[in-house]
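Biologist: Hello! I would like to learn how to read a protein model, one feature at a time. Could we look at one together?

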Amino acid sequence: LAQSIYLCKNGDYIKQDITEGLDIDLTQGYDSITFAVPQMAKTVKIAYNGATASVTIPSFVTGVTCTSGTSADVVIASTNVTDEITYMMSGKSDDGSLTISGDYKLTVDFDNVSLTSTKGGAVDIQCGKRINIDLHGNNTFADAAGGTQKACFYSKGHMEFSQDGSISVTGNAAHAIAAKEYIEVKSKVGNINIVKAAKDAIHCGQYFDMKGGTISIDKN
């Protein structure tokens with residue numbers, strides 16, 4: 001007696017009315033077909049490729065907009081205050097960055113990401129809530145030497161590093177990693193490598209809590 005079906009593909013779905021019959025093009029490579037609304041992860045995908053980046057926001061993720069188009073300086077704003085969004089990042093850019101603003105906790109998943117900004121910070125999370133940083137593989141970040149940013153990798157809220165990946169950060173202008181609130185490194189994190197810091201290697205406004213992992217700080 002269902003009136004609709006849901007065609008799922010690549011983390012998104014399409015609702016199709018079936019009151020007058022069913023016609024599905026199976027060559028489209030759908031992952032699954034359901035009669036109930038799919039319970040899918042609220043994940044935004046950001047893929048860097050040199051001077052450009054592609055941002056994929058599923059239709060069911062509301063309140064999230066990308067204002068930077070295909071630029072490698074990705075700017076995302078969220079007005080969603082009920083759902084924790086995961087921003088899944090991949091790829092490489094020698095002239096790219098990530099800026100996220102919002103008022104609700106979020107997760108940023110780095111999967112072998114390499115970002116070098118020529119304008120300011122590499123990662124700037126303007127959200128005063130809990131920011132979960134999932135590390136997969138080896139991730140590298142460097143900022144612009146002449147910028148006015150607080151850090152190469154900055155969060156307005158409190159950062160919690162998790163998963164078993166590693167991160168290397170070069171802070172050419174000020175701090176390498178900084179949070180306005182606290183920073184927590186959880187037990188299974190890999191290596192946090194501070195390649196360079198013009199000011200502090202790791203700077204936080206409240207406290208630093210390390211439960212595991214390894215931190216390496218170069219003398220530069």
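Modeller: Gladly! Keep in mind that this is a predicted model. Let us begin with burial: Thr 43 counts as buried because its relative accessibility is 15%, and the cut-off for buried is under 20%.

Biologist: Where does Thr 43 lie, and which residues is it in contact with, leaving aside its neighbours within four places in sequence?

Modeller: Thr 43 lies in strand E4, which covers residues 43–49. Setting aside neighbours within four places in sequence, its contacts are Thr 56, Pro 58, Val 61, Thr 86 and Met 88.

Biologist: Is Thr 107 buried or exposed?

Modeller: Thr 107 counts as buried, because its relative accessibility is 6%. This threonine belongs to strand E10, residues 106–111. Beyond neighbours within four places in sequence, Thr 107 is in contact with Glu 84, Ile 85, Thr 86, Tyr 87, Arg 130, Asn 132 and Asp 134.

Biologist: How should I read a nonpolar core?

Modeller: In soluble globular proteins, nonpolar side chains tend to be buried together. Here the largest nonpolar core has 47 residues, and those touching the most other members are Phe 110, Ile 133, Phe 141, Phe 153 and Phe 161.

Biologist: Which residues is Phe 110 in contact with, apart from neighbours within four places in sequence?

Modeller: Among them are Ile 133, Phe 141 and Phe 153. Other contacts of Phe 110 include Met 89, Val 123, Leu 135 and His 136.

Biologist: Now for cysteines. How many disulfides does a search of the whole structure find?

Modeller: A disulfide is a covalent bond between the sulfur atoms of two cysteines. The search of the whole structure finds zero.

Biologist: Last topic: strands. In which sense do E6 and E7 pair?

Modeller: Strand E6 (residues 64–66) and strand E7 (residues 73–78) pair in the antiparallel sense, over three bridges. One example is Cys 66, whose bridge partner in E7 is Ile 76. Their hairpin has six residues between the strands, and Gly 69 takes a positive phi near 65° there.

Biologist: And how many bridges join E7 to strand E9?

Modeller: Five bridges join E7 to E9 (residues 97–101), and these two strands run parallel. Asp 73 has Ser 97 as its bridge partner in E9.

Technical notes:
Residues numbered from 1 in each chain as written. Predicted model: local features only at pLDDT ≥ 70, side-chain atom pairs only at ≥ 80, totals over all residues. Heavy atoms only, no water. Buried < 20%, exposed > 50% of the residue type's maximum accessible area, 1.4 Å probe, protein only. Contact = heavy atoms within 4.5 Å. Core = buried A, V, L, I, M, F, W, Y, C linked by side-chain atoms within 4.5 Å. Disulfide = S-S within 2.5 Å. Pairing = 2+ DSSP bridges.
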